[in-house]
Amino acid sequence: MSAADLTISAARAALDTGELRATELLEAVLERAALTEAQLHAYLTIDHEGARRAAVDADAAIAEGRAGALTGIPIAVKDNMVTRGLDTTCASQILAGWKPPYDGTAVARLKEAGAVIVGKTNLDEFAMGSSTENSAFGMTRNPWDITRVPGGSSGGSAAATAIGSALGAYGSDTGGSIRQPASLCGIVGMKPTYGLVSRYGLVAFASSLDQIGPFGRTVEDAVTLLEGVAGYDPHDHTSWPGEMPDFRGSLGRGVEGLRIGVVDELSGDGYEPAVIARFEEVLAALESAGAEIRRASLPSFELAVSTYYLVAPAECSANLARFDGVRYGLREPGETVEQMMAATRASGFGPEVTRRILLGTFALSAGYQDAFYGQAQKVRTITINEFEQAYESVDVLVSPTSPTVAFEVGERSEDPLAMYLSDVCTIPSNLAGHPSISVPAGTDPNGLPIGFQILAPALGEEVLFRVADAVETLVGRAEMPVLEEVAR
Amino acid sequence: MPIEIDIAHVARLARLGLDDDVLATYGAQLEVILEHAAKVQSLDTDGVEPTAHPLGLMNGFREDVARPSLDRAEVLAQAPDATDTHFRVPPALEQE
């Protein structure tokens with residue numbers, strides 16, 4: 001077994017006893033990347049030099065007894081999280097070659113904690129997509145079947161964690177961009193309550209929905225990764241200034257006495273039989289373990305995708321106005337500044353980003369703002385109210401994470417609406433700002449991973465991780481993909 | 001209800017200098033997406049307050065004191081065109 005296959009908890013123990021050095025662990029991970037990157041393309045940049053320096057520093061810290069939970073742990077970050085002096089592209093031509101002049105808060109906290117940042121992972125351009133096919137620098141493939149997508153938009157972080165070219169990773173989740181790829185790649189992926197992790201230095205897509213969160217091979221690893229970055233940040237006034245939830249406090253407590261609500265609206269037509277079968281097996285296991293299973297109805301979930309495709313593009317069209325060829329990135333020539341900007345943006349943005357900017361600009365334009373963006377914000381309120389009502393009689397809600405297993409490369413790329421519907425189960429948590437997690441729940445008959453999603457109220461991370469941990473114990477931890485199928 | 005979009009106008013607002021035939025394709029796609037998105041109008045939202053921040057945080061304040069900012073040379077080094085002190089762009093006003 002390679003050290004690249006260790007969980008973060010196991011690697012921590014081995015580093016602390018001196019059985020393993022951070023430099024050795026990093027080399028095992030880099031070797032795994034060298035074996036698999038030609039096929040998977042999980043990374044846009046691997047920072048060999050920076051990572052090796054960090055690993056040496058980590059070994060020194062461990063030897064001096066200054067190690068924290070992430071000291072010496074090789075992790076990956078999505079390439080929309082800015083890293084000082086290290087290329088940050090958002091998988092877009094418009095930012096190709098940009099070397100940011102600062103670290104985002106999450107990245108700065110990871111560096112202070114002694115984590116070893118292996119590199120920057122691939123994504124759908126500006127995190128817009130559900131398959132990682134929209135990357136300007138080439139798609140990422142699913143380590144379980146390289147003819148299929150890893151999900152998206154954080155597909156690179158999911159694939160790297162699944163195959164061992166990182167022990168864990170961070171992504172961003174605006175409508176499901178952590179949980180859906182975690183589900184499709186057979187790992188744990190978690191979106192925290194809005195505001196628990198600072199968005200300073202996360203290149204903004206839809207500011208009222210975006211949230212950084214972890215990918216791990218186990219629930220405990222996801223907890224450790226979240227602990228490493230969560231907390232108020234004066235640089236982000238939308239970050240949560242109150243007390244942090246106790247993420248770890250209820251791991252191992254089981255589900256005895258908990259009330260679990262099955263969301264009626266997230267099943268039925270369009271859900272693959274194997275997805276439903278695994279979901280129901282997990283429910284039965286939870287019930288045997290002492291949970292009470294109830295039904296819950298949240299009718300506005302039927303409008304969640306529609307709401308999202310007004311709110312997210314509207315905010316994206318405003319946020320992406322900053323990419324205009326003036327301060328960083330690409331510039332195309334133009335006689336006037338307006339011509340320069342229009343030429344730069346037409347050439348620098350890919351089709352999905354262009355489509356969403358146009359959609360959002362229209363939804364915010366004079367005469368349409370109330371009917372579209374304004375109405376969508378009111379529907380968000382209704383969704384939040386329905387959640388609150390549901391949580392009066394249940395502790396958590398559950399659903400499949402994705403209606404389908406990983407789909408074939410190219411299968412949905414010509415039909416934007418079909419791609420958007422990939423996120424039907426994950427979007428409601430973003431609209432409400434609530435935490436949510438995807439945990440592996442076995443595979444379909446072809447061996448493709450299926451995820452089980454748990455949703456909790458705002459700041460309800462303690463019960464969320466408690467149930468996730470119980471599911472992991474009941475189902476058994478997911479295997480890793482077969483390396484020989486991916487290595488070349 | 002079909003939604004008509006003046007896609008050339010929208011592209012101008014968004015500063016996207018795209019050819020007419022490309023824009024026509026986007027326009028047709030947007031009409032399909034908006035038809036789906038317009039379902040939000042089916043819900044009665046009379047008297048419902050819009051949500052902007054999901055946890056209801058309001059303005060955050062800090063002391064009005066000077067703080068270190070980004071290094072100017074490091075920032076300007078990333079610009080497509082700059083002097084030692086400024087970003088440089090083509091003329092903002094068209095010549096008469």
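In this predicted model, 55 residues of chain B are in contact with 65 residues of chain A, contact meaning heavy atoms within 4.5 Å. Residues are numbered from 1 along each chain as its sequence is written, and chains are lettered from A in the order in which they are written. Local features need pLDDT of at least 70 and side-chain atom pairs count only at pLDDT 80 or more, whereas totals for chains, interfaces and linings use all residues.

The area buried between the two chains, B and A, is about 5300 Å², with carbon and sulfur atoms giving 70% of that area; buried area is the accessible area (1.4 Å probe) that two parts lose on being put together, summed over both. Across this interface of chain B and chain A the rule finds 3 salt bridges, each a side-chain nitrogen of Lys or Arg within 4 Å of a carboxyl oxygen of Asp or Glu. Arg84(A) forms a salt bridge with Glu74(B), and their closest N and O atoms are 2.6 Å apart.

On the side of chain B that touches chain A, two or more residues each come from helix 1 (7–13), helix 2 (20–37) and helix 3 (72–76) of chain B, helices being DSSP runs (H or I, at least four residues) numbered from the N terminus. Helix 2 of chain B gives the most to that side, with 9 residues.

Key: Heavy atoms only, no water.
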